[in-house]
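Here are some notes to read alongside the model. Please keep the structure open while going through the points.

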Amino acid sequence: MAQHQQHLFDMQQQQHQQRPLSAQVAKTATAVTLTGSLMVISALTLVATVIGLVIATPVLVIFSPVLVPAAITTFLVLAGLFTSGGLGAIATFVLTWMYKYVSGKHPIGADQLDMVKSKIAGTAECLIEQTRDII
């Protein structure tokens with residue numbers, strides 16, 4: 001097993017060394033070009049953000065007595081909508097799971113539930129038996 005892995009490693013090293021220099025140069029040039037382009041785009045985005053903030057700051061200061069309560073209200077409304085939607089989706093999933101479990105379609109997690117149910121039933125029987133022995 002170790003010899004096979006060593007042989008594969010040696011073959012990979014030979015293939016890596018046999019690659020032509022032009023392919024390595026092309027890969028490097030592509031990586032440098034792509035990285036440089038992404039850095040330029042990142043810098044332009046940062047500059048646009050700063051310029052936008054400089055232009056928008058006076059407007060935000062003037063309208064802040066209206067915008068702050070509006071932003072808080074918008075946040076609360078959106079938080080409520082997302083929460084109700086999420087809870088509705090969870091309720092739908094739970095009801096679907098329960099329907100499948102009751103109808104015998106064996107949904108995901110039914111094995112764990114059955115195992116826990118049998119452990120609880122076994123513990124209850126043991127406690128009943130111990131109580132009878134005491135009385």
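1. Of the 135 residues in the chain, 1% are buried. The model is a predicted one. The accessible surface of the chain amounts to about 11,800 Å², and carbon and sulfur atoms account for 73% of that surface.

2. The chain contains three helices and zero strands. Along the sequence the order reads α-α-α.

3. Confidence comes next. The chain has a mean pLDDT of 86, with 86% of its residues at 70 or more. Within the chain, helix H1 (residues 2–18) has the lowest confidence, a mean of 60, while helix H3 (residues 110–134) has the highest, at 91. Coordinates predicted with low pLDDT should not be read in detail.

4. How far apart are the end C-alpha atoms of H2? They are only 66 Å apart, although H2 has 82 residues. A straight helix would reach 122 Å at 1.5 Å a residue, so H2 falls short of that span. There is a kink of about 80° in H2 at serine 64.

5. The UniProt record, an unreviewed entry, lists residues 38–63 and 75–99 under "transmembrane region". Such annotations may be inferred rather than shown by experiment. In the model, residues 38–63 are 100% helix and 0% strand, and the end C-alpha atoms of this span lie 36 Å apart. Residues 75–99 are likewise 100% helix and 0% strand, with 36 Å between the end C-alpha atoms.

6. Which residues form an aromatic pair? The whole structure holds one such pair. Its members are tryptophan 97 and tyrosine 101, and the pair is stacked. The ring centres are 5.3 Å apart, and the angle between the planes is 5°. Planes under 30 degrees apart count as stacked, which is why this pair qualifies. Tryptophan 97 and tyrosine 101 are four residues apart in helix H2 (residues 21–102), so about one helical turn separates them. Tyrosine 101 has a relative accessible area of 23% and is partly exposed; the cut-off for buried is under 20%.

7. The last point concerns the residues after H2. Glycine 104 follows H2 and has a positive phi, near 85°. Where is histidine 106 found? Histidine 106 sits in the loop between H2 and H3. The phi of histidine 106 is also positive, near 60°, in a residue other than glycine. Most residues other than glycine have a negative phi. Is histidine 106 buried, partly exposed or exposed? With a relative accessibility of 48%, histidine 106 counts as partly exposed, because exposed requires over 50%.

How values were computed: Residues numbered from 1 in each chain as written. Predicted model: local features only at pLDDT ≥ 70, side-chain atom pairs only at ≥ 80, totals over all residues. Heavy atoms only, no water. Helix = DSSP H or I, 4+ residues; strand = E, 2+ residues; numbered from the N terminus. Phe/Tyr/Trp six-rings, centres within 6.5 Å; stacked < 30°, edge-to-face > 60°. Buried < 20%, exposed > 50% of the residue type's maximum accessible area, 1.4 Å probe, protein only. pLDDT = per-residue confidence, 0-100. Bend = angle between axes of the 7 residues up to and from the residue. Areas by Shrake-Rupley, 256 points an atom, 1.4 Å probe, with all protein chains shown as cover.
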